Structures are given as structure tokens and as C-alpha cells.
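Here's a quick briefing to read alongside the coordinates. Have the viewer open and follow along.

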Amino acid sequence: MERSGASRRPGGEPPLLARLAVSWLTNALVLTILTALFGGVRAQNAGALLAAAAVFGALNTLLKPLLRLITLPLAILTFGVAWFFVSLLMLVLTEAIVGGFDIHGLWTLVGATVIVWVVNVVLDLTPGPWQLTGRRRRLRRRRESRAL
């Protein structure tokens, strides 16, 4: 039995564990950058930072899509600003769940959320293996083929 496509879901998306692994690595890097940029973002040690990255990645993969769906009407009314607060909530929940990872101060939290948000937008718009769903990549290819 050939297993080449067995690990992918219908539609060509990687399985949940692969998406969580890529999310964890990306978030570990972003959270490391946040601790370097903001004095109010602290990780007790590397283990706490890696745990925060895992929790943040899991929340972004599992909970954030549901919250974005629920807040869609509000996001339409606010031109997407409501989703900024969903991203902010993901950081607050990560801080609450992971001992040894702390964000001190409202403006530090807002600044950290802005950086996380910008990194996610850049990654969403930049073609590469981090585009896990492949939807944007397929849409971009279709647009390029129509333009030719």
C-alpha cells in the first residue's frame, strides 16, 4: 500500500500534528524575539519559553479559528480590528496557562500583539512552506496562471 498521501488530509493540507509542529517552531522564534525586544515580556528559562510557544501555537491552531468565526460580524463592522483582540487574548491565555512566562503591562501586551500580528501577516503573504493550508498558495497560482 502506498503511503505517500496517507499523511495528508483531503485537499492537500498537512495533518494537525504537522501544523502544530510548524506553529510551535514559528511561535518559539516570535516569543524569543518578544522577550528580547520588550523588558516586560519574560520567560523564566528556555523550557518556559518552549512551553509558551507550544501553548500559543496550540491555541492559535485550535481556538483562534473558532473565535475568529464567532467574532466575524464584529470584525466586519470594525474592519478586522476585532481580530487584533482575538490575537491579544491568545497571548493573555498563554501567559495564564504557562508558569514562568509573563507579560507585564498593558502596553507591553499591545506591543507584543502587534509584533505577533505583523509576523503572521508577513508569513501569510510570503509564499513558502509555512503556508500550511496551501489555500493561499493555490489561489496565488490560479491568479498567476490567469494573468499569463
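Start with helix α4, which covers residues 81-97: its 17 residues reach 25 Å from first C-alpha to last, close to the 24 Å expected at 1.5 Å a residue. Keep in mind that this is a predicted model.

- The buried residues of α4 are Ala82, Phe84, Val86, Ser87, Leu88, Met90, Leu91 and Thr94.
- As background for that list, an α-helix has 3.6 residues a turn, so residues three or four places apart point the same way.
- The largest nonpolar core has 23 residues, and the ones touching the most other members are Leu31, Leu34, Phe56, Leu91, Phe101, Ile103 and Val116.
- Two or more residues of this core come from each of α1 (16-37), α2, α4, β2 (101-103) and α5 (106-125).
- The top contributor is α2, which gives seven residues to this core.

**Aromatic rings**

- How many aromatic pairs does the structure hold? There are two.
- One of them joins Phe84 and Phe85 in an edge-to-face arrangement, 5.5 Å centre to centre with 90° between the planes.
- The rings of Phe84 and Trp117 have centres 5.1 Å apart and planes at 55°, so this pair is tilted.
- Because Phe84 lies in helix α4 and Trp117 in helix α5, the pair ties together parts that are 33 residues apart in sequence.
- Phe84 counts as buried, at 10% relative accessibility, whereas Trp117 is partly exposed with a relative accessible area of 33%.
- Taken together, the ring pairs link Phe84, Phe85 and Trp117 into a cluster.
- There's also a charge over a ring to check out: Arg68 lies over the face of Trp83, at 3.9 Å from the ring centre.

**Helix α2**

- With 25 residues, α2 reaches 34 Å from its first C-alpha to its last, close to the 36 Å expected at 1.5 Å a residue.
- Where does α2 bend? The bend is at Leu63, by about 45°, and a proline, Pro65, follows within four residues.
- The buried residues of α2 include Ala48, Leu49, Phe56 and Leu67, along with Asn60, Thr61 and Lys64.
- Asn60 is found in this helix, which spans residues 46-70. Is Asn60 buried or exposed? At 17% relative accessibility, Asn60 counts as buried, because the cut-off for buried is under 20%.
- Setting aside neighbours within four places in sequence, Asn60 is in contact with Asn27, Pro65 and Met90.

- Phe79 is not a glycine, yet has a positive phi of about 55°.
- You'll find Phe79 in the loop between α3 (72-77) and α4.
- Phe79 is exposed, with a relative accessible area of 80%.

Methods: Residues numbered from 1 in each chain as written. Predicted model: local features only at pLDDT ≥ 70, side-chain atom pairs only at ≥ 80, totals over all residues. Heavy atoms only, no water. Buried < 20%, exposed > 50% of the residue type's maximum accessible area, 1.4 Å probe, protein only. Contact = heavy atoms within 4.5 Å. Expected span 1.5 Å × (residues − 1). Core = buried A, V, L, I, M, F, W, Y, C linked by side-chain atoms within 4.5 Å. Phe/Tyr/Trp six-rings, centres within 6.5 Å; stacked < 30°, edge-to-face > 60°. Lys NZ or Arg CZ within 6 Å of the ring centre and 35° of its normal. Bend = angle between axes of the 7 residues up to and from the residue.
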